[in-house]
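Please look over the chain shown here before reading on. The text below goes from the whole chain to single residues.

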Amino acid sequence: QKIYQGVYCMYSGPNFETPAEIKALRVLGGNAVGMSTVPEVLVANHCNLPVIAISVITNLAAGMNKTKLSHQETLENAGLAENNVLKLIKKFICEVKIDDTPRDN
């Protein structure tokens with residue numbers, strides 16, 4: 001499996017983004033969009049907690065695919081990624097080096 005790095009953007013949910021919103025994010029340099037990761041990271045940062053995030057792209061955005069978006073497609077693709085995500089997390093836990101020094105944000 002490939003791991004990509006990019007710019008993660010957020011629109012509040014719980015709904016799929018419109019084609020116009022996706023075009024706007026492209027103009028801003030976004031590579032992926034989600035609903036929950038950004039607010040959670042903002043809260044963690046506010047609490048001075050270190051954060052690592054993993055995102056699984058579960059569907060192509062509105063206007064990027066010929067088929068209509070569905071929550072079922074999202075659930076199915078998340079299920080297909082489950083084993084790879086678990087392997088990645090387990091490997092990260094085994095290899096991570098914890099730095100307990102205070103962060104200065």
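What follows covers the fold, the surface, the helices and a few individual residues.

This is a predicted model, in which local features need pLDDT of at least 70 and side-chain atom pairs count only at pLDDT 80 or more, while totals for chains, interfaces and linings use all residues. Residues are numbered from 1 along each chain as its sequence is written, and side-chain values use heavy atoms, with hydrogens and water left out.

The chain contains 3 helices and 2 strands. Both kinds of element are DSSP runs numbered from the N terminus: helices are H or I with at least four residues, strands are E with at least two. Their order along the sequence is β-α-β-α-α. Contact here means heavy atoms within 4.5 Å. Of the contacts between residues at least 6 apart in sequence, 56% join residues at least 24 apart.

A residue is called buried under 20% relative accessible area, exposed over 50%, and partly exposed in between (1.4 Å probe, protein chains only). Of the 105 residues in the chain, 14% are buried.

Helix 1 covers residues 19-28 and includes L28. L28 counts as exposed because its relative accessible area is 70%. C9 lies 19 residues from L28 along the chain, and the C-alpha atoms of the two are separated by 9.5 Å. C9 itself has a relative accessible area of 12%, so C9 is buried. For C47 the value is 44%, so C47 is partly exposed. The structure holds 0 disulfides, a disulfide being a pair of cysteine sulfur atoms within 2.5 Å.

Helix 2 spans residues 37-46 and includes T37. T37 is buried because its relative accessibility is 18%. Leaving aside residues up to four places away in sequence, T37 touches Y8, A53 and S55. The side chains of T37 and Y8 are also joined by a polar contact of 3.4 Å. Such a contact is a pair of N or O atoms within 3.5 Å; within protein, one must be able to donate a hydrogen and the other to accept it, and residues adjacent in sequence count only if both atoms are side-chain atoms.

The loop between helix 2 and helix 3 holds N48. N48 is not a glycine, yet its phi is positive, at about 60°. Most residues other than glycine have a negative phi. N48 is partly exposed because its relative accessibility is 36%.

Helix 3 has 25 residues, 71-95, and its first and last C-alpha atoms are 34 Å apart, close to the expected 36 Å. That expected span is 1.5 Å times one less than the number of residues. Helix 3 bends by about 45° at E82, the bend being the angle between axes fitted to the seven residues ending there and the seven starting there.
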